[in-house]
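Trainee: Before we discuss this model, I would like to know what stands behind the words used for it.
Mentor: Then ask term by term.

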Amino acid sequence: MGLYKLIGPALRCLDAETAHGLTITALKSGVVPSAGRVTHASLESNVWGLPFANPLGLAAGFDKNAEVPDAMLAQGFGFVEVGSITPRPQAGNPKPRLFRLKEDAGVINRMGFNNHGADIAARNLNKRAGRTGIVGVNLGKNKETVEAADDYAKGIAQLARHASYMVVNVSSPNTPGLRALQGREPLEQLLTVVRGALDEAVQSDTPPLLLKIAPDLTDEDKADIAAVVKSTRVDGLIATNTTITRPDTLVAANRVEAGGLSGKPLAELSTQIVSDMYRLLDGTVPIIGVGGIHNADSAYAKIRAGASLIQLYSAMVYQGPELVPVILRGLIERLRADGFSSVSDAVGADHR
Ligand SMILES: Cc1cc2nc3c(=O)[nH]c(=O)nc-3n(C[C@H](O)[C@H](O)[C@H](O)COP(=O)(O)O)c2cc1C
């Protein structure tokens, strides 16, 4: 029996944020055994020149301060994204701010970018300098900052040299005004500044620049984002963040909580965004598909819709890291059954 099967039920008796804190402490202390690494040639791919051993990553928000990227890589993830990190430390919203929707296999959070700030994150990442393993760094802005671009530029200046890839997160629903940065003009201005900051911060081996988008977008928003991605040379998209919508299917009492909904109820909405953005960009810009992945089928659906890589967070709340090898084994089977020799061959298969 895996460790999580043993301690998972106890963790789920605690309030969700306490359980998360204990998990990070356990991971830091090194007492968590690996859920088991699954390796197979069909899972390997090269995206942005980075060699991914498998396409399944840990989404942002789990390791906000870059405390445990290597411990999570050891759980079998093909890559880990840390953050969101803001330039200055901030406490986030009052607790409680993280809620399980058990009956729906969902989560609602209104954390509000609680994190220790870029200095601490840089120190943590510096400690792992020279190690292998793909670690992306996700940037946010401090709540009080008026000129958002300044914060992202600061994040780039402090963290880009520690990152396998950088993410501009403009899609969290818990920072007032943040998602408005997805509009055509503000997005173009922001990404132009960020691109300049990145070229200045790192002269060679510049990490790819990714933009993380919300699932709650109109067709016009999506077309605008695609146009700006092209004009500002964004290297990749992450689709999607949590949703502010509440599907009618939700039954858990916590469905009334304010914040962003993630987990199983988000799966189809986010896959649709992956599909739309893949189509709008003609498959020319790699997409990381995230939202509601909870088994091999939901993971594979994102790839077929156009995701070159995938991530998850919420499903781990219910199934623990033992889900990682389960999904990877299932992906190997599905690729083989459909006659694909690698993940890359299956990317966007639904559009052909
Ligand atoms: C508790 C929690 C905190 C999160 N914090 C962040 C964050 O700081 N930055 C970010 O870009 N996304 C954050 N996310 C969103 C996830 O990275 C992911 O996009 C979303 O949860 C959908 O994936 P999932 O359904 O597998 O959880 C957070 C999600 C959760 C549940």
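**Terms and values**

Mentor: Strand S12 (residues 287-290) and S13 are joined by three bridges and run parallel. The model is predicted, so local features need pLDDT of at least 70 and side-chain atom pairs count only at pLDDT 80 or more, while totals for chains, interfaces and linings use all residues. Residues are numbered from 1 along each chain as its sequence is written.

Trainee: What makes S12 and S13 a pair?
Mentor: Two strands pair if DSSP finds at least two bridges between them. S12 and S13 have three bridges, therefore they pair.

Trainee: What makes S13 a strand?
Mentor: Strands are DSSP runs of E with at least two residues, and helices are runs of H or I with at least four, both numbered from the N terminus. S13 covers residues 309-312.

Trainee: Which other strand pairs with S13 in the parallel sense?
Mentor: Strand S3 (residues 56-58) does, over three bridges. Gly-57 in that pairing stands opposite Gln-311 in S13.

Trainee: In what order do the strands of the barrel close?
Mentor: Eight strands close in the order S3-S4-S7-S8-S9-S10-S12-S13, with parallel pairing. From one strand to the next the twist averages 25 degrees, with axes fitted as lines to C-alpha atoms (for helices over the stretch in contact) and angles running from 0 to 180 degrees between N-to-C directions.

Trainee: Why are S5 and S11 called edge strands?
Mentor: The open sheet has three strands in the order S5-S6-S11, with antiparallel pairing. S5 (98-101) and S11 are its edges because each pairs on one side only, where pairing needs the bridges already defined. S6 and S11 have four bridges, and Gly-106 has Gly-263 in S11 as its bridge partner.

Notes
Buried ≥ 20, exposed ≤ 12 C-beta atoms within 10 Å, placed from the backbone.
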